[in-house]
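Thank you all for coming; I would like to walk you slowly through one structure today. Please have a look at it first, and then we will take a few of its parts in turn.

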Amino acid sequence: MSKPKPFAISKEVVWEAYLRVKANKGAAGVDGESIEEVEKDLKGNLYKLWNRMSSGSYTPPPVRMVEIPKPGGRGVRILGVPTVADRIAQTVVKMYLEPQVEPVFHPDSYGYRPGRSALQAVGVCRERCWKRDWIIDLDIQKFFDTLDHELVLRAVRHHTDLRWILLYVERWLKAPLQREDGTQVAREQGSPQGSAISPLLANLFMHYAFDAWMKREFPDIGFERYCDDVVVHCKSERQAKYILSAITERLAGCRLVVNPDKTRLVYCKDDHRLGSHEHERFDFLGYTFRPRLSRSLKHDKYFVNFSPAVSDEAGKRMRREIRSWRLQRRSDKTLGDLARMFNVTVQGWINYYGRYYPSMLYRSLRPLNDYLVRWARRKYKRLNRHDERARRFIADVSRREPNLFAHWRFGLRPSVG
């Protein structure tokens, strides 16, 4: 008769965790094993993982360190890529822990939560900016790199008495990062972005460090938080300064630092708020909030409204990716092929950045038509030296098949002349 395991972990949960990791795809960790390689002996690999976790002997391998350049040459962001097996193990813990903590989370916490999204946060922020004159654009310095391990574990202990969850969370927090040259970096604080468990731990930490504290100390002050990205709404500049000072002190007590260079007070200027301030715009979740000319359909007139639209940085990122596709060089493909290759990405941009003030998205997507014209000139000899004919050709296709490309469905069909 086999000896019972110290920890009761369901094999069904391990299987479900594998399915979620497979759906999320992702790169290999330090062992170089992809999900396909793990699947060569899937039953054996999952049993081995379950057996080790259930016995308490599972030790996470080092996390592969990947440096991602920040936009504008502002340094690098450190991502951690766990092995496939470790991502499955982390997902197992997440599946046990998340149902315990999710019900207590604040309604204005939007990041990495089931049923909540960045667009919801943008929409709520938009409405609150109409009602309150000032916001605090809060930036926490190196948030994921400086999370205090003991405070994270204290928050986890508050919600579970399962010893194996605490055991593995602590091991994941302390697992070293491994550089590309094989050298390892020991960690005494922080939880690397890129792991399956890190967003849940970050949300749990910020729930007690910020959300619950704000509800207790400033119950009438609205905010939106997407992990460490925070906007706080205030009635006046004086109130904003006072609350920012209190937030700075609170986060310092939780061993976090408010970045003084990136944290700003912003005035939400519009037709009814005619004052001025050094800062009258801010970025939040890929949108830029600023005064914009809007049209009132009810009164048939234009007015200045403080509204979100796709940010300049997000627009540059889209245009850069579109250039990287080299559509004009894919003369071996048909228009249908090109649509199948890129529609999913373009439609994703439209779904997200086209929700608010969609006309600001036109600048980023309009070059697609120019690339299609250049594709036609390269593919068909009769159009090779005739830009106007090529434009007419693409315009004719768009009239016959207006739903072929995602940006055509969005209203950006090519024109002639």
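Let me begin with a question: which residues of α5 are buried? Before I answer, please keep in mind that this is a predicted model. In α5, the buried residues are Ala118, Leu119, Ala121, Val122, Gly123, Cys125 and Cys129. The helix itself covers residues 118-131, which makes 14 residues, and from its first C-alpha to its last it reaches 20 Å, close to the 20 Å expected at 1.5 Å a residue.

Is Asp108 buried or exposed? Asp108 counts as buried, because its relative accessible area is 10%, and buried here means under 20%. The side chain of Asp108 makes a polar contact with the side chain of Arg128, at 3.2 Å. If we leave aside residues up to four places away in sequence, Asp108 touches Arg116, Val124, Arg128, Phe223, Glu224 and Arg225.

That brings us to the sheet, which is open and is formed by 4 strands in the order β6-β7-β3-β8, with antiparallel pairing. The edges are taken by β6 (223-226) and β8 (264-267), and since each has a single partner strand, one side of each is left without a neighbour in the sheet. On average, and ignoring direction, neighbouring strands of this sheet are turned by 15 degrees against each other. Between β6 and β7 (residues 229-234), which run antiparallel, there are 4 bridges, and Phe223 stands opposite Val232 in β7.

Two helices pack on this sheet. One of them is α9, which touches β3 (134-139), β6 and β7, and whose direction makes about 175 degrees with that of β6. The other is α10 (residues 237-253), which touches β3, β7 and β8, and whose direction makes about 25 degrees with that of β3.

Finally, let us turn to the nonpolar cores. The largest has 72 residues, and those with the most contacts inside it are Met53, Phe143, Phe205 and Val232. Helix α9 (residues 198-217) gives the most to this core, with 10 residues. A second, separate core has 53 residues, including Cys268, Phe306, Tyr353 and Phe393.

Definitions and conventions: Residues are numbered from 1 along each chain as its sequence is written. This is a predicted model: local features need pLDDT of at least 70, side-chain atom pairs count only at pLDDT 80 or more; totals for chains, interfaces and linings use all residues. Side-chain values use heavy atoms; hydrogens and water are left out. The expected span of a helix is 1.5 Å times one less than its number of residues. Buried means under 20% relative accessible area, exposed over 50%, partly exposed in between (1.4 Å probe, protein chains only). A nonpolar core is a set of buried Ala, Val, Leu, Ile, Met, Phe, Trp, Tyr and Cys residues joined through side-chain atoms within 4.5 Å. A polar contact is a pair of N or O atoms within 3.5 Å; within protein, one must be able to donate a hydrogen and the other to accept it, and residues adjacent in sequence count only if both atoms are side-chain atoms. Contact means heavy atoms within 4.5 Å. Two strands pair if DSSP finds at least two bridges between them. Axes are lines fitted to C-alpha atoms, for helices over the stretch in contact, and angles run from 0 to 180 degrees between N-to-C directions.
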